[in-house]
Amino acid sequence: MKSAHTALAAIRELLGPEGTSDDPDVLAPRLREWRDRFHGATALLIRPATTGELSQVMRLCHEHRIGVVPQGGNTGLCGGAIPDASGSQVLISLERMQRILEVDAVGGTITAEAGCVLSRLQQAARDAGAQFALSLAAQGSAQIGGCIATNAGGTNVLRYGTARQQVLGLEVVLPDGRILDALRGLRKDTAGYDVKQWFIGAEGTLGIITKACCRLHPLPQASRTVMAAVRSPASALHLLAGLRGMLGESLSSFELLPRHGLELVLNWRKDARDPFDQPYPWYVLLEGDGRAAEDDALETALARVSAEGMVEAAVVAGSIAQAQALWQLRDELSAAQKHAGPSIKHDVAVPLAALDTFIARGTALAERLVPGSTVLAFGHVGDGNVHFNIGCPPGMNADTFLASWEVVAREVHDLVVAFGGTASAEHGIGQLKVTELARLRGGVELELMHGLKAMLDPHGIMNPGKVLAR
Ligand SMILES: Cc1cc2nc3c(=O)[nH]c(=O)nc-3n(C[C@H](O)[C@H](O)[C@H](O)COP(=O)(O)OP(=O)(O)OC[C@H]3O[C@@H](n4cnc5c(N)ncnc54)[C@H](O)[C@@H]3O)c2cc1C
């Protein structure tokens, strides 16, 4: 058996200078995570141009037991795309595999290589008069392969579902180099087990997604964007129920943010404006298309629920520019919070009926665990998904604060589970929550996960230490 060193030389030879790099300047941004919490090292950055090249690379890595870390746009928030510090793992980027292969307007599908950036995919769909529904603030960098690997959610889940619901077919290179060709665009297919599902949300621990065929939706003729001011998360939930009762599935986004969050964005982005002339404790950014946008249906529904006292005030975007300005207040929140200082972050989901109680009890818990901290609870509450982030108290040393991450996270997650929720709603497990997954999802479910991993990756080379403990 050749040494890992010889195998890496063979990979360099195979892919040529464009396909590999160990230039520190090229590697640096790829070896730290967006939040700067995880850092790693790598033996080599590998950038295959075709599925065939990647298959040969994987065969060599499998044979020589070289750990492989797939990386998309590196916008993941759990350290899943960052190699460990040993410097022995290789980093595989699909940035050279980014072609849009087909837009089938009749069949309502789009097929692309996995390195295609999400916003390009959305644009290609729009150019063909259709909509690719997955939408998130990192869409200018996140790749479709990364989005599928994390089963990304975002702002349209309420109506269109997560990445999983968009995927019709996949091509995947397995850890031993075999190529799974399940790149079908069928809406119906009951031929045995649905194998492609294993790779959605697996965070690159079972194989590398190289191509995806996804569902397209009709492009909405019109849409309405509204920011509503509400008294509390409970009022937001009443508003959601009221609007859904009147507008049904045409409500596509329902995002909650507190005043404190809005202020973070206003301080961070000097071009951003408070849409209201006075402060309110909570805001909901909501969007509707189809039925909601017909004949001012959303405004009419809002007026009715406002009359019932659910809404304090509302701003309806009168133009695309105004809608974009409202969305900026939501989309820039993660960046604004990062700029404002360290925080202990939780990406959780609870049943909708428990959401306001969870926020209230979680906030009291945060104050008990980290006195003086500020809770920023925001996110896709229409899906029961809250980003429950606890900010460092003023004057407290950042390292001391962050050292309490695991203790704090355990207690918050226990509260979430007590409400029947999940400690990982849309960002995944990565390396951040490996221990928590094992603690909170034991029993048969975890056994099956380990069984699948052992079957597909017997040498444990695929994204080692992510999702499941080694
Ligand atoms: C500002 C901001 C806002 C965000 N908002 C949202 C949001 O609303 N909803 C949401 O769900 N997420 C959100 N995220 C998180 C992130 O954008 C998503 O997790 C996204 O899906 C990651 O895509 P990526 O291409 O950057 O993947 P990466 O970060 O590069 O990788 C993520 C994981 O997928 C694996 N992976 C990457 N490519 C492949 C592949 N081709 N095959 C197999 N495995 C692969 C990696 O190994 C890693 O485990 C946000 C992030 C930021 C920075």
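Residues are numbered from 1 along each chain as its sequence is written. In this predicted model, local features need pLDDT of at least 70 and side-chain atom pairs count only at pLDDT 80 or more, while totals for chains, interfaces and linings use all residues.

**Whole chain.** The C-alpha trace spans about 75 × 55 × 45 Å along its principal axes. Of the 470 residues, 50% count as buried, that is, with 20 or more other C-beta atoms, placed from the backbone, within 10 Å of their own.

**A four-stranded sheet.** Next, select the open sheet with the order β1-β2-β4-β3 and mixed pairing; strands pair if DSSP finds at least two bridges between them. Its edge strands are β1 (20-21) and β3. Strand β3 runs parallel to β4 (residues 90-93), joined by four bridges, and Val-68 stands opposite Val-90 in β4.

**Ligand shell.** Now select β3 (68-71), which supplies at least two residues of the shell around the ligand, as do α5 (144-149), β10 (208-215) and α12 (333-340). Helix α5 gives the most, with four residues. Finally, pick out Gly-72, Gly-76, Gly-80, Gly-145 and Gly-146, which come nearest of the 38 residues around the ligand (C-beta atom, placed from the backbone, within 6 Å).

Technical notes:
A residue is buried if 20 or more other C-beta atoms lie within 10 Å of its own, exposed if 12 or fewer, and partly exposed in between; C-beta atoms are placed from the backbone.
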